[in-house]
Amino acid sequence: MSSDKRYDMAGLSATTRLDPWLEQYAQRTRGLSSSAVRALFAVASRPEVVSLAGGMPFVSALPMDAIAETTARLIRERGNVALQYGSGQGDPALREQILEVLAPVGVESHPDDIIVTAGSQMALDLVVRVFCDPGDVVLVEAPTYITALSVFSSYQCEVIHVPMDEHGLEPHALRDTITRVRAQGKRVKLVYSIPSFQNPGGVTQPPQRRREILEVVTSENVLLLEDDPYGLLSFDGTVPRAIRADDSEAVIYLGTFSKTIAAGLRVGWAVAPHGVREKLVLANETAMLCPSNLTQMIITEYLSTSPWLDQVKVFRELYRERRDALIESLAMYMPAGTTWTVPTGGFYSWIDLPPGVDATAMLPRAVAARVAYVPGTGFFADGQGAHSLRLSYCYPEPDRIVEGVRRLGQVVSAEADMAELFGTTDALSSHRPPIAPTSDMA
Ligand SMILES: Cc1ncc(COP(=O)(O)O)c(C=O)c1O
């Protein structure tokens with residue numbers, strides 16, 4: 001069938017549009033537009049650009065030979081299981097081991113209450129799928145994880161941001177927002193929070209703050225979705241206790257092997273209250289029948305045959321060194337009026353620019369100066385964040401980080417001078433489509 005014929009059958013008016021199906025997409029895809037920022041990221045992946053944009057783990061530090069041998073052996077000796085369909089809830093052996101991985105964050109559970117998914121991103125998607133109808137409200141931190149916003153948008157949720165301070169999500173503001181939203185006749189379905197080494201804010205909720213947040217969600221009867229990909233990557237080795245550790249009914253906890261083992265294996269999990277678990281398993285089966293047996297078995301072998309906590313320590317030290325390079329060079333190269341968070345773990349620091357400097361308007365100039373970042377507006381559903389940006393230090397080597405910050409410092413200084421002369425740098429960029437994430441932006 002020719003493409004013209006298909007075009008006629010769809011009943012679309014004849015235009016010269018590149019995508020003849022443009023008017024056929026479901027409403028839920030509306031927030032998933034590509035953007036100028038995405039196009040710039042294609043340029044930013046060139047080797048001469050220092051990318052402080054992507055959240056890609058530094059997988060080169062993994063014991064590649066050992067993982068290669070394990071994988072080959074699994075296929076040779078147990079190929080008829082590894083290459084077969086498996087359980088929709090995830091391999092029981094791995095679910096047992098996840099209990100051990102959860103021990104440092106204080107979560108006690110049962111293998112029955114764990115669902116293995118294709119990364120925690122998938123778990124996030126499943127939770128929203130089983131809880132949210134179009135128009136339901138999800139409360140999130142301000143700012144929050146960019147691809148979580150895409151999930152909420154694709155299920156047509158209304159996203160409302162709750163302010164954070166240097167200790168993360170503010171409990172009083174959370175309670176006030178719940179009250180206000182309910183008074184408008186809307187249903188608050190989830191509070192989504194990243195309590196440890198937040199993406200993108202780089203802040204961590206101290207224990208008291210976690211207790212207060214738990215008190216708010218339990219007294220208001222709202223489910224807390226606790227996303228914890230970075231918890232084990234604490235620079236001083238003190239792993240924050242998960243909120244889920246203190247309440248197994250009010251909290252769904254998401255974990256992943258992406259940051260501690262390998263993102264490319266795509267293995268994450270949810271720990272959910274028993275009833276919720278059942279719904280999530282059905283949703284998992286609907287989405288993908290079952291998670292990959294092969295990658296689950298690789299993880300199981302890795303956890304049982306190698307000192308995996310020592311490898312986590314290697315990652316911690318490596319990321320701490322990169323965090324130090326970032327923070328020291330920010331102090332050296334950023335103009336007055338720039339502020340930043342100092343993360344105690346994880347991958348990210350949040351930068352507030354001098355007055356009048358617009359991070360989206362500045363991005364093409366930064367990429368031209370061979371440095372990239374993610375503009376702040378990407379981390380909000382409501383247009384906030386124009387004068388902020390996120391820097392990731394996880395992937396480039398320390399000397400590249402220093403060079404990237406030096407380049408960025410020059411660009412920010414020039415923009416700050418312009419802003420002082422003309423008031424703001426965003427005059428030419430009034431059109432702000434939402435930023436659609438790419439996987440290397442994670
Ligand atoms: C806060 C947060 N949640 C979830 C994810 C998804 O991780 P994965 O699907 O690889 O487990 C990421 C990845 O960067 C993240 O930063």
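Colleague: In strand 9, which residue is the bridge partner of Ile115?

Modeller: The bridge partner of Ile115 in strand 9 is Ala270. A strand is a DSSP run of E of at least two residues, a helix is a run of H or I of at least four, and both are numbered from the N terminus. The model is predicted: local features need pLDDT of at least 70, side-chain atom pairs count only at pLDDT 80 or more, and totals for chains, interfaces and linings use all residues. Residues are numbered from 1 along each chain as its sequence is written.

Colleague: Why are strand 2 and strand 5 called edge strands?

Modeller: The open sheet has eight strands in the order 2-9-8-7-6-3-4-5, with mixed pairing. Strand 2 and strand 5 (168-169) each have a single partner strand, so one side of each has no neighbour in the sheet. For strand 5, two bridges join it in the antiparallel sense to strand 4 (residues 158-165), and Asp165 stands opposite Gly168.

Colleague: What makes a group of residues a nonpolar core?

Modeller: The members are buried Ala, Val, Leu, Ile, Met, Phe, Trp, Tyr and Cys residues joined through C-beta atoms within 7 Å. The largest such core has 70 residues, and Ile115, Ala123, Val127, Val138, Val191 and Ala270 touch the most other members. Helix 5 (residues 119-131) gives the largest share, six residues. A second, separate core of 45 residues includes Leu363, Ala372, Cys394 and Val405.

Colleague: Which residues is Ala123 in contact with, leaving aside its neighbours within four places in sequence?

Modeller: A contact requires C-beta atoms, placed from the backbone, within 7 Å. Ala123 meets this condition with Ile115, Thr117, Leu254, Gly268, Trp269 and Ala270.

Colleague: How do you know that the span of helix 11 agrees with its number of residues?

Modeller: The expected span is 1.5 Å times one less than the number of residues. Helix 11 (residues 308-333) has 26 residues and should span 38 Å; its end C-alpha atoms are 37 Å apart, which agrees. Its buried residues are Val312, Phe315, Tyr319, Arg322, Arg323, Ala325, Leu326, Ser329 and Leu330. Among the elements that cover them are strand 10 (339-340), strand 11 (348-352), strand 14 (388-392) and helix 13 (398-422).

Colleague: What makes strand 10 an edge strand in its own sheet?

Modeller: Four strands form that open sheet in the order 10-11-14-13, with antiparallel pairing. Strand 10 and strand 13 (374-375) each pair on one side only, and these are the edge strands. Strand 11 is joined to strand 14 by five bridges, and Trp350 stands opposite Arg390 in strand 14.

Notes: A residue is buried if 20 or more other C-beta atoms lie within 10 Å of its own, exposed if 12 or fewer, and partly exposed in between; C-beta atoms are placed from the backbone. Two residues are in contact if their C-beta atoms, placed from the backbone, lie within 7 Å. Two strands pair if DSSP finds at least two bridges between them.
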